[in-house]
Amino acid sequence: MARAQTLTIGDTIAKSFVLAGEQRATRTALREKQFGIWKSVSWRQWLEKSKAIAYALDASGFRPGDVASILSNTKAEWVYADMGVLCAGGVACGIYPTDAAKQVEYLLVDSGSKVIFVEDDEQLDKVLMVRKRCPQLQAIVVDDMEGLSGFSDPMVTSLANFIARGQEHMAGREQLWQQMLDARRLEDLAVLVYTSGTTGPPKGAMHANKSVLAQMRHADVLFPITDDEERLLFLPLCHVAERIGGYYYSVATGSVMNFAESPETVPDNIREVQPTAFLAVPRIWEKFYSATMIALKDATRFEQWAYRTAIGIGYRMAEHRLAGTSPAPLLRLANMLAYWLVLRNVRKMLGVDRCRMLYTGAAPISPDLIKWYLALGLNMYEVYGQTENCGVATSMRPERIKLGTVGQSVPWGEVKISPAGEILLKGDFLLMGYLNKPERTAETIDQDGWLHTGDIGSLDAEGFLRVTDRMRDIIITAGGKNITPSEIENQLKFSPYISDAIVIGDRRPYLTCLVMIDQENVEKFAQDHSVPFTNYASLTRAKAVQDLIWGEIAKVNADLARVEGIKRFHLIEQQLTPEDEELTPTMKLKRAFVNQKYANEIDMMYRNREAA
Amino acid sequence: MPGDASTADAILKVANIESYYGPIMAIRGVSLEVPRGKIVTVLGANGAGKTTVLKTISGVLDPQKGSIELDGKPIERLNPDRIVRLGLSHVPEGREVFPFLTVAENLKMGAYLRHDRDGVAQDLERIYDYFPILKARLNQAAGHLSGGEQQMLSISRALMNRPKLLLLDEPSLGLSPLLVKEIFAIIRRINADEGVSILLVEQNAKMALEVADYGYVLEVGRIVMADACERLIKSHDVQEFYLGAKQSGARGERRWKKKKTWR
């Protein structure tokens, strides 16, 4: 039987990790897939690796307070390097592996990184391309040396050699380990997290040990943690959600971290791992939902009937749960049958059958989608937070779910609404400031220590926070009506055929939207309805697809007030990848950038209106 | 082209075909068109489904779904022999000449459906004009010909049917660079002189893009790119993945491949 787990927390992140490594010793810390087989690494093995990295950093002249960057996908070596840097008293800074060389240069220079850990030759090339403009950079450590056997450069070492150098350096310097660990204190800078920068250059949020620990030490306050937790890590670790929610929480709680092979294999990996808790962004939850809907279309009539009946019972249970009332015994019985006969299969197919908690955050989500997961009998909790507060600021609780809100303030922080309607946060979890940008820091944290989030929202009598939108995203139409685009966009994204949408209409007579279609599902639709298409662009231009999307928009329009209805739309014809500037690394469309890039298409939607 | 303004005069229209080998879905919804009198090429890596597309068109395989129109007539449910009668000749991959028959007999087999002796005789003369070497080898068993000669024979045999549309499956397979050039020059001539529309499947992307008017790129049973050949040649992904252009990185070489975006 699973037992409650005690947290391992020290004065710093590094000390918490060392404590975890010593206490949990031979227990599994993380798993990685190698040649198709999941391999385990124990806490002690991880500790030894990171310790060697810390010594190697010292041997290369890296001193406490220096910055090291990590340019890699989410994998075990990311956390080896991160803890190595922190144990050496350094500051760890993550760089998105999808960033172009130019951005890598900006981040290396802005952070003043002395060392960079890179994943492979692809990432190495970016650094080599820009290193002459990064004078502080002294060493490059490469994890995967494939294709680099003939390459030699005084600045570049393999991770294996780097670790070996650290082990040599250890001999006779036992006391150095404690010195490095003691070099940093609670108030000292530990982690740099760059905000994705939807406007302007990225800002480096400086987090001290204090703010990270403020989150870590409360990892079990809202949700009970047992000693058999399994998690799947797949979001970029440079993003605060996975870094805190997936990684540092696991260090505190002893959850096993399973690293997904790649972002594309997440659906397979989650089925293999069957995690007990799963943190994901709405995009993933939408994908799961639409995968189920599409699979159902190919199912037999009986299967469809079974699903409809079962989920209907599930929805009634969910209503009780939301209302806080207790369901009648008959409904309970029906729900048990529905689970064992039908819904369990859906949950297994998705890989979340064992999940005790599902978290969604980092972007707004449609309440209907949460309800669906509740109807499956899963506990989905929406959380709200920012890079600036190092993770979660408000969260739904098991006792009470109020849809349309992001829950109540966590007990270790405070939330209030400014007179202008802006959401303000306070607590130990706040950032120290933005690196090299004192004026931006001053704009963000006021004299009383409140963080200005830039989000508009409201608090109800019970303290549930409702987030309306980003302040600068609020649309005021030419008619003077205030519109919050994200609400409409979330409804649109709920459609299996729409991957993302951006509503436009600021100082315009009516609303329009740019839509990014869900390629897989729209292709399937085209095939099922014999709509000829060749490539992505021709798919978006097909009349039947245009009609399909318009139908989905019309459904959303029906729920909106008349003024808010979307009058015209445009499908983005280019298939976008995270390397494209239109998307953030988490595959969200960047509003400001998209508005600029598609200015012509947007103008077209406001010309000769009669054609609409 | 499909999806865009569909060409009015297309000799072949393929829409949404899906083909299976047992449980394996080889073609996952392919739509393409061959305008009358044009050369259209389908590029793709091994296993992309190029040959399967041709086999599905010529009736060797039946599509599970989708429609194929030859000159306005639906042919997706017809047997191969019916399709040949409608004016479609398929030159299969690996030539597949009848090895124990002579060159002359092979050519006669190509004209099996025809009864106009004069026309056949004329066509034979034309073929000897394209491929003088065949005339010299008329009485040899086709199995004794060299690879290039067999390819010429295979194309000639298909032409003897006087097709409106010729399906060519990797005519350059296993031929020396010089012979490849020669074969492609003749393909172009056949197209220009006889007005035969051609659907060409090729691994030799460079040659195919030079000779064809329009091209499709096929990846795991799906079309990812469709454009005029002069534009395809300029596309970064086609250059990198099909024409072997190396973008050099900071180290002077680059092993990793960037993600394909097909634009």
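Predicted model: local features only at pLDDT ≥ 70, side-chain atom pairs only at ≥ 80, totals over all residues.
**View 1. Crossing of helices H1(A) and H2(A).** Helix H1 of chain A spans residues 13-24 and helix H2 of chain A spans residues 43-59; their axes come within 8 Å and cross at roughly 140°. The two helices H1(A) and H2(A) are therefore oblique to each other. Their crossing is left-handed. On the H1(A) side, the contact is formed by Val18(A), Ala20(A), Gly21(A) and Arg24(A), which face Trp43(A), Arg44(A), Trp46(A) and Leu47(A) of H2(A) in the contact. By class, this contact comprises five nonpolar, one polar and two charged residues.

**View 2. Crossing of helices H2(A) and H3(A).** The axes of H2(A) and helix H3 of chain A (residues 76-87) come within 7 Å, with a crossing angle of roughly 55°. H2(A) is therefore oblique to H3(A). The crossing of this pair is right-handed. H2(A) contributes Trp46(A), Lys49(A), Ser50(A), Lys51(A), Ile53(A), Ala54(A) and Leu57(A) to the contact, and H3(A) contributes Tyr80(A), Ala81(A), Met83(A), Gly84(A), Val85(A) and Cys87(A). Nine nonpolar, two polar and two charged residues make up the contact of H2(A) with H3(A).

**View 3. Contact between domain 1 and domain 2 of chain A.** In the domain assignment, domain 1 of chain A covers 13-184 + 218-279, and domain 2 covers 474-611. The centres of these domains, taken over C-alpha atoms, are separated by 39 Å. Four residues of domain 1 are in contact with four residues of domain 2. On the domain 1 side, the touching residues divide into two nonpolar, two polar and no charged.

Notes
Residues numbered from 1 in each chain as written. Chains lettered and ligands numbered in written order. Axes fitted to C-alpha atoms, helices over the stretch in contact; angles between N-to-C directions. Helix = DSSP H or I, 4+ residues; strand = E, 2+ residues; numbered from the N terminus. Parallel < 35°, antiparallel > 145°, perpendicular 65-115°, else oblique. Left-handed = near helix turned anticlockwise from the far one by under 90°. Contact = placed C-beta atoms within 7 Å. Nonpolar A, V, L, I, M, F, W, Y, C, P; charged D, E, K, R; others polar. Domains from an automatic or database assignment.
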